[in-house]
Amino acid sequence: MDSAKIVTEFLDALEAVDGNALSALLDEDAVYDDGHGHRIVGASAVRDALVERASALNERFADRVLLSSQAGDRIAVEATLRGTYERTLDGWTKAGGQPFSVSAGLFFEIDGAKIVRFTRFFDQQALAAALK
């Protein structure tokens, strides 16, 4: 499977909050940098963190543009994160159905048809303002 297809399936699984599909795409030693300064290591821990966030935010990755390295082992995605904050996340403001839409960059490293690194960057100030 090519890297762009892996990343597309991963983002679709996040939108569907499908932990099993996420697990199938993650390397056992996968690393997730969440955009808030936290690094999560290990497929199970990454999957759990992603499922928790996705279910709380009802997050969608709109306007996706995928860019690939020549070797195909690195994929960057420019997207708009859109969703509704439905369940309060630990350390976040209280959820109350607040809608949000922020620009984001998502970066992936693929090895052996598995995601070994996923990094998320987004406008944290815009997200915080939308969730107030």
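This is a predicted model: local features need pLDDT of at least 70, side-chain atom pairs count only at pLDDT 80 or more; totals for chains, interfaces and linings use all residues.

Me: Let's start with rings. Why is the pair of F10 and F108 called edge-to-face?

Reply: Look at the angle. The planes stand at 80°, and the centres are 5.4 Å apart. Ring centres within 6.5 Å make a pair, and planes over 60 degrees apart count as edge-to-face, so both tests are passed.

Me: What makes this a link between distant parts of the chain?

Reply: F10 sits in helix α1, and F108 sits in strand β5. They are 98 residues apart. Both F10 and F108 are buried.

Me: Why is the pair of Y85 and W92 called tilted?

Reply: The ring centres of Y85 and W92 are 5.8 Å apart, and the planes meet at 40°. Stacked needs under 30 degrees and edge-to-face needs over 60, so 40° falls to the rest, which is tilted.

Me: Is Y85 buried or exposed, and how do you know?

Reply: Y85 has a relative accessible area of 0%. Buried means under 20%, so Y85 is buried.

Me: What about W92: what does W92 count as?

Reply: W92 has 23% relative accessibility. Buried needs under 20% and exposed needs over 50%, so W92 is partly exposed.

Me: How many aromatic pairs does the structure hold?

Reply: There are six aromatic pairs. There is also an aromatic cluster made of F10, Y32, F108 and F118.

Me: Which residues touch the most other members of the largest nonpolar core?

Reply: They are F10, L11, F108 and I115, in a core of 38 residues. Elements giving two or more residues to this core include α1 (3-16), α3 (43-57) and β5 (98-111). The largest share, seven residues, comes from α3.

Me: What is F10 in contact with, apart from its neighbours within four places in sequence?

Reply: F10 is in contact with L22, L25, L26, L50, F108, I115 and F118.

Me: Now the strands. How do you know that β1 and β6 pair?

Reply: Count the bridges. Four bridges join β1 to β6. Pairing takes at least two bridges, so β1 and β6 pair. The two strands run parallel. L26 stands opposite I115 in β6.

Me: What makes β1 and β2 a pair?

Reply: Three bridges join β1 and strand β2, in the antiparallel sense. At least two are needed, so β1 and β2 pair as well. In the hairpin of β1 and β2, five residues lie between the strands, and G35 takes a positive phi near 90°.

Me: How many bridges are there on β5?

Reply: β4 and β5 pair over 12 bridges, in the antiparallel sense. T84 stands opposite P99 in β5. Eight bridges join β5 to β6, and these strands also run antiparallel. L106 stands opposite R120 in β6. The hairpin of β5 and β6 has two residues between the strands, and G112 takes a positive phi near 60°.

Me: One last residue. Why is Q98 called buried?

Reply: Q98 has 11% relative accessibility. The limit for buried is under 20%, so Q98 counts as buried. Q98 is found in strand β5.

Me: What makes the approach of Q98 to L131 a polar contact?

Reply: A polar atom of the Q98 side chain lies 2.6 Å from the backbone oxygen of L131. The cut-off is 3.5 Å, so this distance falls within it. Leaving aside neighbours within four places in sequence, Q98 is in contact with residues including Y85, T93 and A130.

Methods:
Residues are numbered from 1 along each chain as its sequence is written. Side-chain values use heavy atoms; hydrogens and water are left out. A nonpolar core is a set of buried Ala, Val, Leu, Ile, Met, Phe, Trp, Tyr and Cys residues joined through side-chain atoms within 4.5 Å. Buried means under 20% relative accessible area, exposed over 50%, partly exposed in between (1.4 Å probe, protein chains only). Contact means heavy atoms within 4.5 Å. A polar contact is a pair of N or O atoms within 3.5 Å; within protein, one must be able to donate a hydrogen and the other to accept it, and residues adjacent in sequence count only if both atoms are side-chain atoms.
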